[in-house]
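Please walk through this protein with the sequence and the coordinates side by side.

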Amino acid sequence: MVEQFELGDIVQMRKPHACGENIWTIIRTGADIKIKCNQCGRIVMMDRLDFLKRAKKILSKGPAQ
């Protein structure tokens, strides 16, 4: 389970997207999390609790701010 994440992190989700990819980039954080599929570019927005349940692990950290 992912506990700490930041803008720009690349995460692996538990289930793949319809395009077959399960690697996503976080593009917005807050009460809702917005993620972008790294293969097809589709953007999905979900609430923080759903994201925390569905995220498997962080593959790489985003740029340091």
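This is a predicted model: local features need pLDDT of at least 70, side-chain atom pairs count only at pLDDT 80 or more; totals for chains, interfaces and linings use all residues.

Five strands make up an open sheet in the order 4-3-2-1-5, and the pairing is antiparallel. Strand 4, residues 43–47, and strand 5, residues 55–60, are the edge strands, each of which pairs on one side only. On average, neighbouring strands of this sheet are turned by 40° against each other, direction ignored. In general, the strands of a sheet pair through backbone hydrogen bonds, in either a parallel or an antiparallel way.

The pairings can be followed one by one. Strand 1, residues 10–13, runs antiparallel to strand 2, residues 23–28, and three bridges join them; glutamine 12 has isoleucine 23 of strand 2 as its bridge partner. Strand 2 is in turn joined to strand 3 by four bridges, again with the strands antiparallel, and here isoleucine 26 has isoleucine 35 in strand 3 as its bridge partner. These two strands form a hairpin with three residues between them, in which glycine 30 takes a positive phi near 150°.

Strand 3, residues 32–37, also pairs with strand 4, in the antiparallel sense and over five bridges. Along this pairing, lysine 34 has methionine 45 of strand 4 as its bridge partner, while isoleucine 35 stands opposite valine 44. The hairpin of strand 3 and strand 4 has five residues between the strands, and glycine 41 in its turn has a positive phi of about 85°.

Which residues line the largest pocket? Its lining consists of Met13, Arg14, Lys15, Pro16, His17, Trp24, Ile35, Val44, Met46 and Arg54, and these residues divide into six nonpolar, one polar and three charged. The volume of this pocket is about 180 Å³.

Along the chain, lysine 15 and lysine 56 are 41 residues apart, and their C-alpha atoms are separated by 9.0 Å.

Is glutamine 12 buried or exposed? Glutamine 12, found in strand 1, has a relative accessible area of 15%, and because buried means under 20%, this residue counts as buried. Leaving aside residues up to four places away in sequence, glutamine 12 touches Asn22, Ile23, Ala55, Lys56, Lys57 and Leu59; Ile23 among these contacts is also its bridge partner in strand 2.

Glutamine 4, by contrast, lies in the segment before strand 1. Its relative accessible area is 65%, and because exposed means over 50%, glutamine 4 counts as exposed. With residues up to four places away in sequence again left out, glutamine 4 touches Ile58 and Lys61. Between glutamine 4 and methionine 46, which are 42 residues apart in sequence, the distance in space is 16 Å from C-alpha to C-alpha.

How values were computed
Residues are numbered from 1 along each chain as its sequence is written. Side-chain values use heavy atoms; hydrogens and water are left out. Two strands pair if DSSP finds at least two bridges between them. Axes are lines fitted to C-alpha atoms, for helices over the stretch in contact, and angles run from 0 to 180 degrees between N-to-C directions. On a 1 Å grid over the protein atoms alone, a cavity is a set of points where a 1.4 Å probe fits but cannot get out, and a pocket is an open set with protein on both sides within 12 Å along at least five of seven lines; lining residues have an atom within 4 Å of a point. Grid points are joined across faces, edges and corners, and a volume is the space filled by probe spheres set on the points. Ala, Val, Leu, Ile, Met, Phe, Trp, Tyr, Cys and Pro count as nonpolar, Asp, Glu, Lys and Arg as charged, and the others, Gly among them, as polar. Buried means under 20% relative accessible area, exposed over 50%, partly exposed in between (1.4 Å probe, protein chains only). Contact means heavy atoms within 4.5 Å.
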